[in-house]
Amino acid sequence: MDFERLLSGYKAKTCIISVEMFSDDQYGNIRIVAGNKAHCDDMMNVMHRPFIPDSPYEEYLPQNRNFEDFCYRSAILGQPLHTYVKLPQMGLWLNMFLLPLESDKENTGYCIYSYDVTPNADSEQRASLSADTSSAVLSTCIKLRSTDNTRESLDEVIEDIRKICDSDHCCILLVDDEVRRCQTFCEALKPDCGLLPMDTYLNESFYGIVQTWKDTIGDSTSVIIKDDNDMEWLKEINPTWHKSLTDAGGKNIVLLPLEYNNRVLGYIWAINFNVENTVKIKETLELTSLFIASEISNYQLLKRLEVLSSMDMLTGVRNRNAMNTYVNDIVDGKIQIKYPYAVVFADLNGLKRVNDEKGHDAGDQMLQSAAKTLLQVFDDSLVYRAGGDEFMIIAPFTDEDQLSHRIKAINQYAEDVHSIHFAVGTYVVSEGDDIRKAMRLADERMYIDKNEYYKAHPEKKYR
């Protein structure tokens with residue numbers, strides 16, 4: 001075959017790739033057998049050495065199993081292919097076309113590989129998908145934007161993706177590297193598939209498995225394990241993940257990172273998918289994951305803002321704004337608390353004196369110790385910093401006897417561990433009571449207790 005003459009008609013960077021075929025339908029060596037002038041110039045500019053025909057492809061291009069699969073599909077199976085993908089390790093975007101060629105050599109297939117590499121993404125190229133893929137991605141975008149409930153919409157989306165992939169299990173797993181923890185954000189299981197929900201496996205060791213995925217993905221945008229040959233490759237380079245996957249009933253998997261602003265939020269995958277549609281599945285997941293990652297990032301940002309708006313940053317308990325919102329919801333009937341429940345006001349005695357004599361840093365430490373004490377004793381309750389040195393607690397399922405034990409525990413723990421003391425006022429709310437009345441009476445009782453404390457300890461009274 002006259003490769004040089006064939007390539008002379010191409011202006012874009014183009015080469016001929018050969019794929020060695022074995023009798024068991026597995027491929028062997030993949031080589032770049034010839035290249036046009038644009039390709040040879042590109043190899044010289046990038047690799048700083050001349051292109052040598054019939055060289056292993058990995059001497060000039062990043063070694064990538066997904067690229068090898070594309071070459072196999074085009075050269076051996078006769079499929080014309082196009083994809084537009086990011087090269088994560090190089091920070092570049094690759095636009096590539098593969099066209100099958102007739103082969104005049106036994107056990108060897110050929111394809112034309114034409115490509116272009118750019119530093120920035122081209123939105124038109126990313127949108128140049130098949131009609132089926134475009135429809136699936138568009139449907140995802142509509143569902144993500146059709147409701148304010150991100151979790152609910154992604155539950156629908158992940159089930160749609162499972163059906164597109166014809167897989168047993170699809171899942172979005174979020175990763176929090178600060179606390180070294182994974183969380184199932186949403187998942188879809190095919191009925192009677194025999195696989196278990198993801199939470200079955202989310203123990204401490206699974207985070208370690210997730211940490212290996214980045215290296216397994218390598219220069220690719222995804223990991224695609226579609227057959228026994230790929231499974232053997234996975235067993236060789238990542239035996240821990242291979243065992244976890246096969247023990248769970250996984251026969252194949254396509255897995256992609258969910259990235260937003262160069263940060264990995266988590267991963268999306270399909271297990272036991274229809275391998276006949278591997279290219280379409282990869283294409284669909286790659287583009288869909290962009291929108292999903294963006295939506296999850298926005299969801300996480302809103303959740304963080306929600307926490308910031310409701311938490312007291314110094315002590316880590318809920319703030320006055322959260323307290324007022326919760327009380328209003330009780331009054332309006334939006335929140336129902338089973339009776340009896342207790343309202344407790346706890347005021348830190350001597351804070352002003354500490355601030356005046358030892359400084360505000362010491363006062364802040366005193367407030368933090370107070371919050372730790374209340375969270376320790378009322379670990380099943382809502383603890384609020386009502387303002388200054390005053391805290392309010394709503395303790396569910398608490399009667400007079402239980403409350404009495406807890407109040408004793410507060411000052412015992414506070415004095416023994418932190419050398420601090422509270423003035424405390426309480427009210428047990430029964431059916432028919434008004435929580436606002438309960439708060440007022442508890443507050444009044446707290447001030448009575450404070451006055452009694454300073455009568456007994458005048459030396460500790462603030463000036």
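# Strands, helices and cysteines in a predicted model

Q: Which residue in strand 14 is the bridge partner of V383?
A: The model is predicted. Strand 13 covers 382–387, an edge strand of its sheet. Strand 13 pairs with strand 14, residues 390–395, in the antiparallel sense over five bridges. In strand 14, the bridge partner of V383 is I393.

Q: In what order do the four strands of the open sheet lie?
A: The pairing in this sheet is antiparallel. Its edge strands, strand 13 and strand 15, each pair on one side only. From one strand to the next, the twist averages 20 degrees. The order is 13-14-12-15.

Q: How many bridges join strand 12 to strand 14?
A: These two strands run antiparallel. The number of bridges is six.

Q: Which residue in strand 15 stands opposite L348?
A: Strand 12 also pairs with strand 15. That pairing is antiparallel and has eight bridges. Opposite L348 stands F422.

Q: Which residues are buried on the side of strand 12 that holds Y341?
A: In a regular strand, side chains alternate between the two faces of the sheet. Strand 12 is mostly covered, with eight of its eight residues buried. On one side lie A342, V344, A346 and L348, all buried. On the side with Y341, the buried residues are Y341, V343, F345 and D347.

Q: At about what angle does helix 16 run to strand 15?
A: Helix 16 spans residues 435–456. It lies across strand 12, strand 14 and strand 15. Its angle to strand 15 is about 150 degrees.

Q: To which strand does helix 14 run at about 10 degrees?
A: Helix 14 spans residues 360–377. It lies across strand 12, strand 13, strand 14 and strand 15. The strand at about 10 degrees is strand 14.

Q: Is T373 buried or exposed?
A: T373 lies in helix 14. Leaving out residues up to four places away in sequence, T373 touches I410, Y413, A414, H418, I420 and F422. Its relative accessible area is 0%. Buried means under 20%, so T373 is buried.

Q: Is helix 13 roughly parallel or roughly antiparallel to helix 14?
A: Helix 13, residues 351–358, packs against helix 14 at about 150 degrees, with the axes 7 Å apart. Angles over 145 degrees count as roughly antiparallel. Therefore helix 13 is, relative to helix 14, roughly antiparallel.

Q: How many nonpolar residues are in the contact of helix 13 with helix 14?
A: Helix 13 brings L351, V354, N355 and K358. Helix 14 brings H360, A362, G363, M366 and L367. By class, three are polar and one is charged. The nonpolar residues number five.

Q: How many disulfides does the count come to?
A: A disulfide needs two cysteine sulfur atoms within 2.5 Å. For C111, the nearest cysteine sulfur is that of C71, 5.0 Å away, and C111 is in no disulfide. The sulfur of C193 is 11 Å from the closest one, in C170, too far for a bond. The count comes to zero.

Q: What is the relative accessible area of C193?
A: C111 has 0% relative accessibility, so C111 counts as buried. C193 is partly exposed. Its relative accessible area is 23%.

Conventions: Residues are numbered from 1 along each chain as its sequence is written. This is a predicted model: local features need pLDDT of at least 70, side-chain atom pairs count only at pLDDT 80 or more; totals for chains, interfaces and linings use all residues. Side-chain values use heavy atoms; hydrogens and water are left out. Two strands pair if DSSP finds at least two bridges between them. Axes are lines fitted to C-alpha atoms, for helices over the stretch in contact, and angles run from 0 to 180 degrees between N-to-C directions. Contact means heavy atoms within 4.5 Å. Buried means under 20% relative accessible area, exposed over 50%, partly exposed in between (1.4 Å probe, protein chains only). Angles under 35 degrees count as roughly parallel, over 145 as roughly antiparallel, 65 to 115 as roughly perpendicular and the rest as oblique. Ala, Val, Leu, Ile, Met, Phe, Trp, Tyr, Cys and Pro count as nonpolar, Asp, Glu, Lys and Arg as charged, and the others, Gly among them, as polar.
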